[in-house]
Amino acid sequence: MRPVGELAGALARGEIGSLELVEDSLARIRELDPKLHVFLHVDEAGAREAADRSDARRARGETLGPLDGIPYALKDNIVARGLPSTCASRILEGFVSPYDATLVTRLRDAGAVLVGKVNLDEFAMGSSNEHSAFGLTRNPHETSHVPGGSSGGSCAAVASGMVPLAFGSETGGSVRLPASFCGVVGLKPSYGRVSRYGLVAFGSSLDQIGPVARTVQGVADALSIVAGLDPRDATTATAPVPRYETGDDSLLGKRVGVIRELLGEGVDPEVGECVRRAANECEKLGARLVDVSLPHAKYGVAVYYVVSSAEASSNLARFDGARYGYRAPGVRDLEELYTESRSQGFGDEVKRRIMIGTFALSSGYYDAYYGRAMHARALIRDDFARAFEAADVLLSPVSPTPSFRIGDRMEDPLAMYLTDAMTIPANLAGVPALSLPAGATSSGLPIGVQLQAPYLREDVLLEVAGSLEGALGWGPLPALVAEGAA
Amino acid sequence: MVTREQVRHVARLAKLSLAPEEVERLAGQLGEILDYIALLDEVESDTGEELTHVAVPERPLRADEPGACLPRPEILALAPRADDETMHVPPVLDGGGA
């Protein structure tokens with residue numbers, strides 16, 4: 001499926017209709033989902049109705065903007081009224097949301113068409129999409145490999161052409177990592193830029209919703225619509241939302257900081273080559289390269305697994321079998337209801353995170369773990385502040401490696417956690433960051449590069465990313481899509 | 001190093017019941033993860049600042065005006081057991097059966 005901007009143009013010129021796009025999307029899902037397992041729920045009837053409304057608007061000469069009639073998919077931890085929201089967990093199997101996330105309301109008001117809900121690691125805890133209770137999602141570029149996680153469904157849906165636009169969520173890199181592994185553009189906005197009302201909470205000081213698209217313009221158009229203050233989310237930023245634009249192919253006057261610590265030991269040579277190539281292209285476009293340092297970034301993963309797990313252990317206390325979701329049968333009292341429903345309903349990774357978090361917050365360990373993690377988090381934020389004195393944006397890998405084989409990191413939780421070492425610092429500091437397709441391995445697996453900008457400077461981030469995108473070329477199309485592509 | 005007894009204690013706090021093989025596995029895995037997290041022991045902070053949250057905006061409280069909330073029947077319909085007015089759970093004290 002073509003990028004959002006092209007489709008919007010074709011819709012505006014009357015060359016295609018929204019219903020046609022939805023039928024294309026549904027056909028592509030029917031064709032490819034048996035191979036990839038991206039969707040947990042497809043809302044064919046709802047999508048066709050919304051597309052009809054969009055086409056009727058256009059027939060009257062009205063439009064709701066650049067996303068009017070554009071199909072999109074939603075990670076299954078973001079709720080939409082009347083649709084299931086499982087978070088890829090048994091504990092929410094069968095749960096149908098009685099309300100819309102603010103994101104969904106805004107997209108509906110903008111005419112976008114929700115096609116369905118896509119797979120994720122259970123409760124967004126994971127880096128490979130292998131931790132879904134309903135089966136893993138495969139990478140469209142190489143089906144023996146993971147799409148990355150936890151928004152693997154969102155990124156695989158866009159990469160395989162099932163939808164031109166999707167939304168995921170991030171706590172430690174869960175949009176950028178799969179975007180890199182799948183060869184699409186994934187944005188994590190600043191903490192508080194997009195309302196989280198209707199996003200199932202994981203790590204509340206870190207969580208943020210982000211768009212995924214084929215191009216920078218797609219995520220810019222989406223962010224322009226979904227960003228902004230929401231009375232229902234007290235952490236949303238009050239700053240006004242500009243109309244986000246992509247760059248004009250010049251980076252004259254821009255300072256691009258190459259993060260020293262993230263290009264050294266442990267970085268796959270082909271990933272390092274992509275970052276160096278991106279840096280060269282920045283320079284050719286007129287940017288000045290500067291060497292920057294994030295000396296405390298090396299503590300990011302450790303801080304993250306204390307902070308996010310501590311917050312998760314509190315947030316997931318609400319899943320208790322009493323009010324909604326799974327209830328264990330045959331229990332004698334309330335205590336057993338809680339314990340048995342949770343133990344039977346949660347998967348291994350979720351239990352592991354709850355255990356880490358509960359341990360870190362438990363009596364006698366709080367200062368040693370949570371207290372120290374908060375010290376280190378302050379130092380990481382200060383690192384970014386210093387780096388952004390020297391540079392307008394920061395450039396680095398998204399992940400030390402390209403996509404790995406299914407099963408490779410499942411027996412080693414720590415190795416899986418270290419997959420996120422380069423994305424986590426932005427979540428801890430709250431700054432916006434983006435994964436941009438920058439090349440591929442010799443075997444054809446996509447590689448993304450990461451750009452990061454100061455807090456609430458998505459305008460700068462998208463401007464630079466848009467310019468660089470033109471120089472790097474689009475991400476490669478997956479073979480199985482190219483074969484069947486019109 | 002995390003002992004099996006520690007794992008069982010934390011599981012009780014977290015309202016999880018673990019099979020013996022889960023206790024065994026988690027003792028090993030949590031030990032490895034906590035060993036890694038011990039990397040934070042070397043962090044030195046001059047300011048002593050503890051950052052719990054970034055960039056939460058200062059915002060005046062909204063007016064305390066009642067608004068529409070979700071309809072009760074829809075919420076009760078989500079409960080595993082409910083009647084027209086309340087959700088049902090087993091007795092808080094043991095011995096009631098569910």
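The model is predicted. Chain A contains 16 helices and eleven strands, and buried residues account for 64% of its 486 residues.

**Overall dimensions**

- The radius of gyration of chain A is 21 Å, which agrees with the value near 23 Å that a compact globule of 486 residues would have.
- Along the principal axes, the C-alpha atoms of chain A fill a box of roughly 65 × 55 × 45 Å.

**Contacts within the chain**

- Among the contacts in chain A with a separation of 6 or more, 77% are between residues 24 or more positions apart.

**Packing of helices H9 and H12**

- Helix H9 of chain A spans residues 300-315 and helix H12 of chain A spans residues 366-390; their axes lie 9 Å apart, at an angle of about 125°.
- H9(A) is therefore oblique to H12(A), because angles over 145 degrees would count as roughly antiparallel and those from 65 to 115 as roughly perpendicular.
- The crossing of H9(A) past H12(A) is left-handed.
- On the side of H9(A), the contact is formed by A:Gly300, A:Val303, A:Val306, A:Val307 and A:Ala310.
- On the side of H12(A), the contact is formed by A:Tyr369, A:Tyr370, A:Ala373, A:Ala376, A:Arg377 and A:Ile380.
- By residue class, the contact of H9(A) with H12(A) comprises nine nonpolar residues, one polar residue and one charged residue.

Notes:
Residues are numbered from 1 along each chain as its sequence is written. Chains are lettered from A and ligands numbered from 1 in the order in which they are written. This is a predicted model: local features need pLDDT of at least 70, side-chain atom pairs count only at pLDDT 80 or more; totals for chains, interfaces and linings use all residues. Helices (H or I, at least four residues) and strands (E, at least two) are DSSP runs, numbered from the N terminus. The radius of gyration is taken over C-alpha atoms; the globule rule is 2.2 Å times the number of residues to the power 0.38. A residue is buried if 20 or more other C-beta atoms lie within 10 Å of its own, exposed if 12 or fewer, and partly exposed in between; C-beta atoms are placed from the backbone. Two residues are in contact if their C-beta atoms, placed from the backbone, lie within 7 Å. Axes are lines fitted to C-alpha atoms, for helices over the stretch in contact, and angles run from 0 to 180 degrees between N-to-C directions. Angles under 35 degrees count as roughly parallel, over 145 as roughly antiparallel, 65 to 115 as roughly perpendicular and the rest as oblique. A crossing is left-handed if the near helix is turned anticlockwise from the far one by less than a right angle, and right-handed if clockwise. Ala, Val, Leu, Ile, Met, Phe, Trp, Tyr, Cys and Pro count as nonpolar, Asp, Glu, Lys and Arg as charged, and the others, Gly among them, as polar.
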